[in-house]
Amino acid sequence: MSNPFWDERYRGDDYAYGIEPNDFLRAEAGRIPKGRVLCLAEGEGRNAVFLASLGYQVTAVDFSTEGLRKAERLATSRGVELTPIEVDLSTFELGEDAWSGIVSIFAHTPAPVRQRVHAAVPRALHTGGTLLLEAYRPEQIMLGTGGREDATMTPTLAALRTELAGLDLVIARDVDCSTRSSRARDLADGG
């Protein structure tokens with residue numbers, strides 16, 4: 001099941017994206033009600049570990065064995081627990097009324113997988129639950145500051161509004177990212 005590209009990216013002792021949480025997640029994590037949180041395409045665990053340090057019960061899913069191994073190592077070093085699940089998002093079931101929060105930070109997947117996952121989010125969240133999502137948009141590729149090279153793996157804001165129908169969007173905006181550390185788009189659901 002493990003993905004050779006991402007396993008190679010995450011192999012070694014260094015953390016490809018660092019060990020500190022994503023800036024958008026750090027700023028908006030307080031929107032997530034206390035409880036169980038699902039982190040999609042979590043990679044090496046920096047966001048999951050951050051949320052666990054805030055007292056959330058975190059499940060981190062990814063299809064990289066190496067990424068999840070490092071997520072567990074980071075959690076141990078920070079004295080927190082998380083539940084890692086190695087799975088491909090194309091087959092992962094989010095459940096129903098299962099999560100206080102779902103976090104998707106730069107989880108760039110093929111459009112059919114993204115659409116399937118996003119369609120499941122409203123059912124998977126508890127009433128009052130929150131989705132925190134940040135993704136590059138297709139135009140970001142031309143700026144060369146990050147994101148996938150395949151524009152079909154980067155959603156437009158209009159596509160996200162359609163895919164996440166049924167959620168109340170609290171923050172939904174397009175932002176040009178001029179540096180690798182800036183945000184491209186952020187979206188939060190307080191639904």
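Reader: Is glutamate 66 buried or exposed?
Author: This is a predicted model: local features need pLDDT of at least 70, side-chain atom pairs count only at pLDDT 80 or more, and totals for chains, interfaces and linings use all residues. Residues are numbered from 1 along each chain as its sequence is written, and side-chain values use heavy atoms, with hydrogens and water left out. A residue is buried under 20% relative accessible area, exposed over 50% and partly exposed in between (1.4 Å probe, protein chains only). Because glutamate 66 has a relative accessibility of 14%, it counts as buried.

Reader: With which residue does arginine 11 form a salt bridge whose closest N and O atoms are 3.4 Å apart?
Author: Side chains of opposite charge can pair when their charged atoms come close. A salt bridge requires a side-chain nitrogen of Lys or Arg within 4 Å of a carboxyl oxygen of Asp or Glu. At 3.4 Å between the closest N and O atoms, arginine 11 has such a partner in glutamate 66.

Reader: How far apart in sequence are the parts that this pair ties together?
Author: Arginine 11 lies in the loop between helix H1 (4-10) and H2, whereas glutamate 66 belongs to helix H4. Such helices (H or I, at least four residues) and strands (E, at least two) are DSSP runs, numbered from the N terminus. The pair therefore ties together parts whose separation in sequence is 55 residues.

Reader: Is glutamate 8 buried or exposed?
Author: Glutamate 8 belongs to a network of salt bridges that links Glu8, Arg11, Glu66 and Arg69. Its side chain meets that of arginine 11 at 3.3 Å, N to O. Arginine 11 counts as partly exposed because its relative accessibility is 45%. Glutamate 8, at 52%, counts as exposed.

Reader: How many residues separate arginine 73 and aspartate 13 in the chain?
Author: The side chains of arginine 73 and aspartate 13 also meet in a salt bridge, at 3.7 Å from N to O. Arginine 73 is in helix H4 and aspartate 13 in the loop between H1 and H2, so that this pair, too, links distant parts of the chain. The separation between them is 60 residues.

Reader: How many of the eight residues of H3 are buried?
Author: The buried residues of this helix are Arg46, Asn47, Ala48, Val49, Phe50, Leu51 and Ala52. They pack against H2, E1, E2, H4 and E4. H3 is thus mostly covered, and the number of its eight residues that are buried is seven.

Reader: Is tyrosine 136 buried or exposed?
Author: The structure holds three aromatic pairs, in which the ring centres of Phe, Tyr or Trp (its six-membered ring) lie within 6.5 Å; planes under 30 degrees apart are stacked, over 60 edge-to-face and the rest tilted. Phenylalanine 106 and tyrosine 136 form a stacked pair, with 4.7 Å between centres and 25° between planes. Phenylalanine 106 counts as partly exposed at 24% relative accessibility. Tyrosine 136 has a relative accessible area of 7%, and is therefore buried.

Reader: Which residue has a side chain joined to that of glutamate 163 by a polar contact of 2.7 Å?
Author: Glutamate 163 is found in helix H7 (residues 157-163) and counts as buried, at 12% relative accessibility. Leaving aside neighbours within four places in sequence, it is in contact (heavy atoms within 4.5 Å) with Arg114, Gln115, His118 and Ala119. A polar contact is a pair of N or O atoms within 3.5 Å; within protein, one must be able to donate a hydrogen and the other to accept it, and residues adjacent in sequence count only if both atoms are side-chain atoms. At 2.7 Å, the side chain joined to glutamate 163 is that of histidine 118.
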